[in-house]
Amino acid sequence: MEESAHTLGIDVGGSSIKAALVDSARGVLVSERVVIETPSGFAFSEIVDRLCEVARSHASASAIGVGFPAAVRAGIVESPPTAHEVDGWIGCDLAQALCDALGCDVSVANDADCAGLAEIARLTPEERRGVVICLTLGTGVGSALFVEGTLVPNSELGKLYLADSSEVAEQSVASRIKTEANLSWEEWADRLGGYLAQVDRLFLPSRVILGGGVSADADLFLPLLRMRCPVVAAQSGNDAGIIGAARATLLS
């Protein structure tokens with residue numbers, strides 16, 4: 001690939017794959033965002049082919065980072081992809097498959113961790129102190145956990161069981177559940193508050209950042225939440241996954 005100061009960030013979602021060139025140092029997009037459809041079968045070979053297609057259309061990138069909806073360790077997928085009932089992913093070395101196909105290094109990380117990397121970079125050094133937790137509220141609940149600004153990968157806090165309940169958090173407080181159950185903002189915020197209280201008891205965070213599409217309506221539910229630490233809306237919007245995937249290459 002040609003020499004460039006820009007990194008290609010790719011955000012793999014259940015229905016679409018989003019990508020753009022990113023100035024990782026500043027955390028901003030420097031090209032138009034490309035959005036293509038995710039293969040419906042979500043098979044390993046299909047995803048690799050689609051990601052290679054995106055990468056080859058951004059040949060000037062100096063590095064490539066991919067945010068993927070599963071637990072990822074050293075580029076290897078360690079859990080089933082979120083929202084897809086497909087077999088054959090666990091143990092697949094997605095990073096190596098992309099490296100072999102493209103002839104360059106590729107970083108692959110959990111998508112919620114990537115979104116968190118985009119958000120933590122926006123904080124001041126003081127705001128990064130202690131435990132900072134970023135939660136993405138969407139189809140499920142993704143999480144990124146930081147200790148003194150350093151990512152603890154694959155935290156999966158959406159899988160925490162709620163107090164006095166047999167349900168995990170994402171079965172109760174995901175924004176999808178709000179829509180499906182036709183909950184008011186007050187009803188949903190009450191559920192979310194209970195979950196955040198559980199997070200507070202277990203991790204004693206110094207700051208919680210709430211992301212996902214619902215963050216655009218933060219003024220409708222943030223005032224309803226009560227927590228010991230600041231709870232704020234994510235600032236990177238729909239570009240968080242792309243920016244964070246690009247920043248994840250700096251951790252490799």
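Predicted model: local features only at pLDDT ≥ 70, side-chain atom pairs only at ≥ 80, totals over all residues.
Is arginine 176 buried, exposed or partly exposed, and what is its relative accessible area?

1. Arginine 176 is partly exposed, with a relative accessible area of 32%, where buried means under 20%, exposed over 50% and partly exposed in between, with a 1.4 Å probe and protein chains only. The residue sits in helix α5, residues 175-180; helices are DSSP runs of H or I of at least four residues and strands are E runs of at least two, numbered from the N terminus. Leaving aside residues up to four places away in sequence, arginine 176 touches Gly138, Thr139 and Glu170, a contact being heavy atoms within 4.5 Å.

2. Residues are numbered from 1 along each chain as its sequence is written, and side-chain values use heavy atoms, with hydrogens and water left out.

3. The chain's secondary structure comes to eight helices and 13 strands. Its radius of gyration is 18 Å, close to the 18 Å that the globule rule gives for 252 residues, so the chain is as compact as a globular protein of that length; the radius is taken over C-alpha atoms, and the rule is 2.2 Å times the number of residues to the power 0.38. Buried residues make up 51% of the 252, and among contacts between residues at least 6 apart in sequence, 59% join residues at least 24 apart.

4. The count of aromatic pairs comes to seven, where rings of Phe, Tyr and Trp (its six-membered ring) pair if their centres lie within 6.5 Å, with planes under 30 degrees apart counted as stacked, over 60 as edge-to-face and the rest as tilted. Tryptophan 185 and phenylalanine 221 form a stacked pair, at 5.7 Å centre to centre and 15 degrees between the planes. This pair links distant parts of the chain, with tryptophan 185 in helix α6 (residues 185-203) and phenylalanine 221 in helix α7 (residues 218-221), 36 residues apart.

5. Phenylalanine 221 is buried, with a relative accessible area of 1%. Tryptophan 188 and phenylalanine 221 form an edge-to-face pair, at 5.1 Å centre to centre and 80 degrees between the planes, and both residues are buried. Elsewhere, ring pairs link Phe42, Phe44, Phe68 and Trp89 into a cluster.
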